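Have the structure open beside you as you read.

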Amino acid sequence: MNPAVVGAATEFVKPTIEYFQLLPLLLIFGVACAGVLVEAFVARAHRYLVQVILTVVGLAGALVATIAVGLTLDEVGEGAARGQLAMSGTLVVDGPTTFFWGITLLFAIGGAVLFAERRIEGGVSAFAGQAAALPGTDAERQASTRGLDHTEVYPLMLFAVLGMLLFPASNDLLTMFVALEVLSLPLYLMCGLARRRRLLSQEAALKYFLLGAFSSGFFLYGAALIYGFAGSLQFAEINEAVRNDVANQSMMLIGMGMLAVGLLFKVGAAPFHAWTPDVYQGAPTAVTAFMAACTKIAAFGALLRLFYVAFGSDRWTWLPMFWIIAVLTMVVGAVLAVVQSDIKRMLAYSSVAHTGFLLTGVLGVQSATELAIGQVTSLQAVLFYLTTYGFAMIGAFAVVTLVRDSGGESTQIVRWAGLGRRSPLLAGTFAFFLLSMAGIPLTAGFVGKWAVFAVALSAGAWPVVIAAIASSIIAVFFYVRLIVVMFFMDGDGEVALAVRPSLLTSGTIAVGVVATFVLGVVPGPVLELAGHAGEFIR
């Protein structure tokens, strides 16, 4: 054999790493590793301050880096999209990716600030002092008396954020699965670290872990079937196989369905939503706020990229499935929220209903070339809705942390009776967030719902829009009912009182209120920014 031929066949191709485009990911990973080192080498008394500063500065730095990356993206396809492939094609840094990164990091900063709140619990955080101690034992009481604090939650949060940034940027199924696990595992741990009601918190973490592992198995098996169908895990090559291969449709459909199960579990869509109320109720409320906003953003980013890019050429195969799931999710979320007596569970089912509204937007027309002038694309509508939803959810759960009784957080609705007279500003703020979730005009939620309903109508999905409007009417009932309880009812027995937080929580609530109002009155700049992001690239 000719040695030259052997040398040519075995020539090593050096991979290229686009460091600047991946700077947000690298920053978060570096800061998370630094947080682990802080736990190992910094004295316990100083860890809290160091971890908080490190986390917030790291997230803010990654947000600035994301803006810088977004401003330097190159146009692709005559301006229809902007961005490039990275890491030898395993990641995509395009306009939608940077938008998902930006809002994820923005809400992660809000979550980190809520993690850092200590005034509410009398000088300690909402996290358990010693997670290894059994609830009710002397070891737990001693940890509480000594004021111990689990500052490991900050690097755990950063690793979760790393997975959330990687998830919507994934360009193949294997990278997407790795991102899914990286974002999920820290969340399983953080859900079980509540300082109060620890058994409920640990139960929530266990349920989340078991059901999450089950859904990950579905995703991985679906990826294996799609590999068998397409001969590749790359989205562009899967798309080519979907266009040209008609011999293995059954394998493709089963694989697509299993991938959908894994992603729909993460967004909390029915019938894969069973974990949502238990986890939202049992997890520390700051973790719930972080999950409610950031996890849904990352999961919808991955869902959109998978079905728009890999399976986009066969959309009429998967659209009927999403029609059914969207309607079922909206109806289940709205109806079950009506019968809840716990505010966190009510907000959990509200989150399920919002997932249905977001899926309504997914059904819309995908390309700007298919729309009339002035109409928004499906991707644009979903991006805007996720932004409005994140501000309302972070703000609402921040308010929940401040309403307390002798046992800690008071989440029973009956104990919120008369809160509007005892703390009118706090109750009014919470009512404003509820009105935004209901989609009342002059709030961000109204514009968000208008956007997703409009794109669904433009795609002919009017039955889904009718179901969405009916679900919205049901949702108005339980939102307004809570407002009536706060302002027009008197409580019997022990009632909840509002505590005075530090600037950390009050600042987060204030930002949420301002953003919810501004996006309801002047939505144009954010809608234009979402439109400027362009389409997904392959």
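Does F311 count as buried or exposed, at 0% relative accessibility? F311 counts as buried, because buried means under 20% relative accessible area and F311 has 0%. Please keep in mind that this is a predicted model. A search of the whole structure finds 22 aromatic pairs, and a few examples follow.

**The pair F115 and F127**
- The ring centres of F115 and F127 are 5.1 Å apart and their planes meet at 70°, so this pair is edge-to-face; the cut-off for that label is over 60 degrees.
- F115 belongs to helix α4 (residues 95-115), while F127 sits in the loop between α4 and α5 (138-145), so the pair ties together parts that are 12 residues apart in sequence.
- F115 and F127 are both buried.

**The pair F307 and F311**
- In this pair, the ring centres of F307 and F311 lie 5.7 Å apart with their planes at 50°, so the pair is tilted.

**An aromatic cluster**
- One aromatic cluster is formed by Y188, Y208, F209, F265, W275, Y280 and F397.

**Arginines over rings**
- R118 lies over the face of Y48, and its distance from the ring centre is 3.9 Å.
- R315 lies over the face of W316, at 5.2 Å from the ring centre.

Key
Residues are numbered from 1 along each chain as its sequence is written. This is a predicted model: local features need pLDDT of at least 70, side-chain atom pairs count only at pLDDT 80 or more; totals for chains, interfaces and linings use all residues. Side-chain values use heavy atoms; hydrogens and water are left out. Rings of Phe, Tyr and Trp (its six-membered ring) pair if their centres lie within 6.5 Å; planes under 30 degrees apart count as stacked, over 60 as edge-to-face and the rest as tilted. Helices (H or I, at least four residues) and strands (E, at least two) are DSSP runs, numbered from the N terminus. Buried means under 20% relative accessible area, exposed over 50%, partly exposed in between (1.4 Å probe, protein chains only). A charge sits over a ring if NZ of Lys or CZ of Arg is within 6 Å of the ring centre and within 35 degrees of the ring normal.
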